[in-house]
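Visitor: Could you walk me through this one? I'd like to start with the strands and then move on to a helix.
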Amino acid sequence: VYEKDGTISLPNVGVSIDDKPRWSFRALKIDTSRHFLPVPILKAALDGMEAAKMNVFLWHAVDGNSFPLESATYPDLTHKGAYDAASVYTLADVADVVAYAQARGVRVVPELDIPGHQGVGYARPELVACPLLEGFGGNARALDVTKNATYEFLRQWLGEMVEAFGDPQVNVYGDEVQASCWEASPTVQAFMKAHGIADYAALATYFWARFVKEVLPSLRKKGVDSLIVGEARQLGTDGPPLAPLPADTLVEVWGPDSLEQSANGTLRGVLQAGFKAYLGGTFYLDQKVPHTCASGWPYCAPHLGGYHEDDWENMLAVEPLGDPELTAAQKANLVGVCAEMWGEQIGPSNALTRIFPRVLAAAEVGWSGPRSERGLATRADESTLARFQALACTLNRRGVPTAHIRPGHCRFSMVR
């Protein structure tokens, strides 16, 4: 037992612990495309996840900015798509990270966004509808979903990645396909006209229906039990349409309408449609202030005590199942939460201190029941501050760099 004064004691007393997680899916997502994060940083994050009792590492390995994930089947993807030869995760690195995670009770799920957010075009421009299009932070390019070669590529590449990661789920996300890409392609335009596809929402439905029919069966043969997709708001290219997706699809809910208690509410819509889901939209770690605060998000409030410049206490106040319109059966389809570390402004020098200790708020929401049911104030109080600061010091002792949430001192830190 670590005491407040830094001493360690092993009391010789009988102890009975009755504890279990509220949800089985308690995830941390890390983006390694916008900025490459060396493997030791990923391992340090896994050490922190173990301490926080988080059990799913969603590895957003590739995106439109760079393609650092090695493929033996398509080696040119990293040769031409990585920032440089040193900024590549080899298949041996993947195996190393997966084994390291498993030893800490953490699954590693690959997140390989399609058909938008494409970095495939650096090496395979013929598979992308607009290989030269810039914009949307470097992520405007999308697959040409009209070509047979695209689906053959997805069968081969995703199949290889599924085998490399060895998890029964693969996250293909499917968000934010930019209409400007498909508009820029004469091939796509001609295909839509010839097949009576009226708009880009219908084209997205065409893609996902064909993906489910032609690609998913081969992934299931390699051990995939279910897909994960992002958002699924039924807004066409903003997220995968629900209709073509198998009933066992797991949906990540994100965006400013995540917990909206109206017909616009993303979580409400997904759960009422009968899908299982987890909540990510309220746990963005890369943003010092949640993007939803500006639009009147109900969990935004003055920061506690005046010391905080970030939003962990807002995250801690989130109750994902507070919507009175949800039935008991619908609530049972929420399987967990996900803290999201997107990489636009996050690199090797600040990734870990942006994640820790703020991710502990999402971890606590995922493990424990509503604070009100545990006799705690809705927002963080002094006892919460003390617990989080103590765990930040524990992580430092274990060699995981962390930020701090108030003035104080950690004894015996391993971080210099």
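Guide: Gladly, with one term first: a residue is called buried when its relative accessible area is under 20%. Keep in mind that this is a predicted model.

Visitor: OK, so how many residues of strand E8 are buried?
Guide: Strand E8, which covers residues 334–341, is mostly covered, with 8 of its 8 residues buried.

Visitor: And which strands pair with E8?
Guide: Strand E1 (residues 25–31) runs parallel to E8 and is joined to it by 6 bridges, while strand E7 (residues 276–279) also pairs with E8 in the parallel sense, over 3 bridges.

Visitor: Which residues stand opposite each other there?
Guide: On the E1 side, Ala27 stands opposite Cys338 in E8, and on the E7 side Leu279 stands opposite Val337 in E8.

Visitor: Switching to helices, what span should H14 have, and what does the model give?
Guide: Helix H14 (residues 382–397) has 16 residues, which at 1.5 Å a residue should span 22 Å, and the 23 Å between its end C-alpha atoms agrees with that.

Visitor: What covers its buried residues?
Guide: The buried residues of H14, among them Leu385, Phe388 and Leu395, are covered by elements including helix H1 (39–51), helix H10 (312–316) and helix H13 (359–367). After H14 comes Gly399, which has a positive phi near 90 degrees.

Visitor: What about the protein as a whole?
Guide: The protein has 14 helices and 8 strands, and 56% of its 416 residues are buried. Its accessible surface comes to about 17100 Å², with 54% belonging to carbon and sulfur atoms.

Definitions and conventions
Residues are numbered from 1 along each chain as its sequence is written. This is a predicted model: local features need pLDDT of at least 70, side-chain atom pairs count only at pLDDT 80 or more; totals for chains, interfaces and linings use all residues. Side-chain values use heavy atoms; hydrogens and water are left out. Buried means under 20% relative accessible area, exposed over 50%, partly exposed in between (1.4 Å probe, protein chains only). Helices (H or I, at least four residues) and strands (E, at least two) are DSSP runs, numbered from the N terminus. Two strands pair if DSSP finds at least two bridges between them. Accessible areas come from the Shrake-Rupley method with a 1.4 Å probe; for residues, only the protein chains shown count as cover. The expected span of a helix is 1.5 Å times one less than its number of residues. Contact means heavy atoms within 4.5 Å.
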